[in-house]
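Biologist: I'd like to learn how to read charged pairs and helices in a model. Could you walk me through one?

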Amino acid sequence: MRNLSDLELKKIENDIPIKVGEQIVYYRKLKGLTQTELAKIVNKDRQYIYKIEKAVVTSNIATLAIIATALEISLSQLFEKVK
């Protein structure tokens, strides 16, 4: 097993939050929800949802699971196109 290079680590750290955010936007819009409505459902601030969607912050797995549940999708669906 090899160690990941600094470049590989940086790429993952940068790309994954962007792709997760894009998936949240996709499923949120599919459900016809605004950021404010999703924020209310998951008991978070709208600004926090915005920051997740724009990859300004990275959420922990529990928060992502809560968002996925609110969007009525599985956590695996949320990560389906994230590679």
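This is a predicted model: local features need pLDDT of at least 70, side-chain atom pairs count only at pLDDT 80 or more; totals for chains, interfaces and linings use all residues.

Biologist: Okay, and are Arg28 and Glu53 buried or exposed?

Modeller: Both Arg28 and Glu53 are buried.

Biologist: How many salt bridges does the structure hold?

Modeller: There are five. One of them joins Asp15 to Lys11, with the closest N and O atoms 2.5 Å apart.

Biologist: Where do Asp15 and Lys11 lie?

Modeller: An α-helix has 3.6 residues a turn, so residues three or four places apart point the same way. Now the case here: Asp15 and Lys11 both sit in helix 1 (residues 6–30), four residues apart, or about one turn of the helix. Lys11 counts as exposed because its relative accessibility is 52%, and exposed means over 50%. Asp15 has a relative accessible area of 22%, so it is partly exposed.

Biologist: Which residue forms a salt bridge with Arg2?

Modeller: That's Glu8, and the closest N and O atoms of the two are 2.6 Å apart. Arg2 is exposed, at 56% relative accessibility, whereas Glu8 is partly exposed, at 27%.

Biologist: Back to helix 1, then. How many residues does it have, and how far does it reach?

Modeller: Helix 1 has 25 residues and spans 36 Å from its first C-alpha to its last, close to the 36 Å expected at 1.5 Å a residue. After helix 1 comes Gly32, with a positive phi near 75°.

Biologist: Which residues of helix 1 are buried, and what covers them?

Modeller: The buried ones are Pro17, Val20, Gly21, Gln23, Ile24, Tyr27 and Arg28. Their cover includes helix 2 (35–41), helix 3, helix 4 and helix 5 (75–78).

Biologist: Can we try a residue from helix 4? Why does Thr63 count as buried?

Modeller: Buried means under 20% relative accessible area, and Thr63 counts as buried because its relative accessibility is 8%. Thr63 belongs to helix 4 (residues 61–70). Leaving aside residues up to four places away in sequence, Thr63 touches Lys44, Tyr48 and Ile52.

Definitions and conventions: Residues are numbered from 1 along each chain as its sequence is written. Side-chain values use heavy atoms; hydrogens and water are left out. A salt bridge is a side-chain nitrogen of Lys or Arg within 4 Å of a carboxyl oxygen of Asp or Glu. Buried means under 20% relative accessible area, exposed over 50%, partly exposed in between (1.4 Å probe, protein chains only). Helices (H or I, at least four residues) and strands (E, at least two) are DSSP runs, numbered from the N terminus. Contact means heavy atoms within 4.5 Å. The expected span of a helix is 1.5 Å times one less than its number of residues.
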